[in-house]
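Please read the points with the model open.

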Amino acid sequence: MLVVDNIHTYYGASHILHGVSLNVAEGAVVALLGRNGAGKTTTLRSIIGLTPPRRGAIRFNGADTAGRKPHTMTRLGVSYLPETRGILPSLSVQENLTLADGRRPGPWTLKRVYELFPGLYERKSHGGGQLSGGEQQMLAIARALLLNPALLLLDEPTEGLAPIIVRDIMARLKTVKEEGMTILLVEQNFRFATSIADDVYVLGKGAVQWSGSASEILAETAVQKTWLGV
Ligand SMILES: Nc1ncnc2c1ncn2[C@@H]1O[C@H](COP(=O)(O)OP(=O)(O)OP(=O)(O)O)[C@@H](O)[C@H]1O
Ligand SMILES: [Mg+2]
C-alpha cells in the first residue's frame, strides 16, 4: 500500500533523513521506533507532505505521491495524527469529530467511533479543552478514523499518558487493527509497539538501522540497546 523508497528530507539546510526506505502492506501495523531526534516524525511528515523529501520516491497505492500536499494525501486516504493532537479546545467533542474535512465513505461513522470510545459519547457536549490528556488522544484517534482513511499515520499516541490509559488506547487500536485498518505507528513505548505491530523499522540518525518482524526484535537485545535504549 505504501512504499517509501530512499527518501532524503531536509529542514532548510539540515539534512535529516538519509535514504529512508520502508514498506507498509495493506492491513498491516508497522511500527517506526527510535530515540528522540531519530527522524520518526520527519518520516511521517515526508509521507503526508508537510515536509516533502528532496530526493527519493513515495508511492501510495501505486501513485507517486512524494511532494503532494497534505490535503491531497487526506483525500487519497492517508490520515495523519501529529504528536500535538490538534484538538480544538473551544469546540465540543462532537464538533471536533464532525468538523473534520475530507471525509471519505467507509465503515467508520460517528456511531461506530462512539461505540469504540464510549467515554467520548458521554462527554460529547464537553469542550475539547476540558478533556484529560488520554481523552484528547482518544478524540484525536476517533477524528482520524472518521475520515475513513486507507492508511493511518500515528505519531506517539501514548506519549505522556499514564500506564492505565496507555493500555486502554492499545486495546482500542487493536480493535481498529482487527477491523482491517492499515497503520504506520511511531512509538517510543517499545512494549506497546511490539504488542500491536507486525513489522518494525528502527530509525537512528535519520536512517533505518534495523528492520524485521515484531517478534524478531524481541530477541535483538543489541539493537534494542544501541538504537532504542530499552
Ligand atoms: N522544524 C525543524 N527545523 C529544524 N530541525 C528540525 C525540525 N524538526 C525536527 N528537526 C530535527 O530533525 C531531527 C529529527 O527530528 P524528528 O522530529 O523527526 O525526530 P523524532 O524521531 O520524531 O524524535 P522525537 O521522539 O523526539 O519526537 C532532529 O535532530 C530534530 O532536531
Ligand atoms: Mg517525533
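1. Two residues are in contact if their C-beta atoms, placed from the backbone, lie within 7 Å. Leaving aside neighbours within four places in sequence, Ile169 is in contact with Gln137, Met138, Pro157 and Thr158.

2. This is a predicted model: local features need pLDDT of at least 70, side-chain atom pairs count only at pLDDT 80 or more, and totals for chains, interfaces and linings use all residues. Residues are numbered from 1 along each chain as its sequence is written, while chains are lettered from A and ligands numbered from 1 in the order in which they are written.

3. Ile169 belongs to helix α7, residues 163-178. Helices (H or I, at least four residues) and strands (E, at least two) are DSSP runs, numbered from the N terminus. Ile169 counts as partly exposed because it has 19 C-beta neighbours inside 10 Å. A residue is buried with 20 or more other C-beta atoms within 10 Å of its own, exposed with 12 or fewer, and partly exposed in between; C-beta atoms are placed from the backbone. Gly134 lies 35 residues from Ile169 in sequence, and their C-alpha atoms are 8.2 Å apart.

4. Now the whole chain. The protein chain has ten helices and ten strands. Buried residues make up 40% of its 230 residues. Of the contacts with a separation of 6 or more, 68% join residues 24 or more positions apart. The C-alpha atoms fill a box of roughly 45 × 35 × 30 Å along the principal axes.
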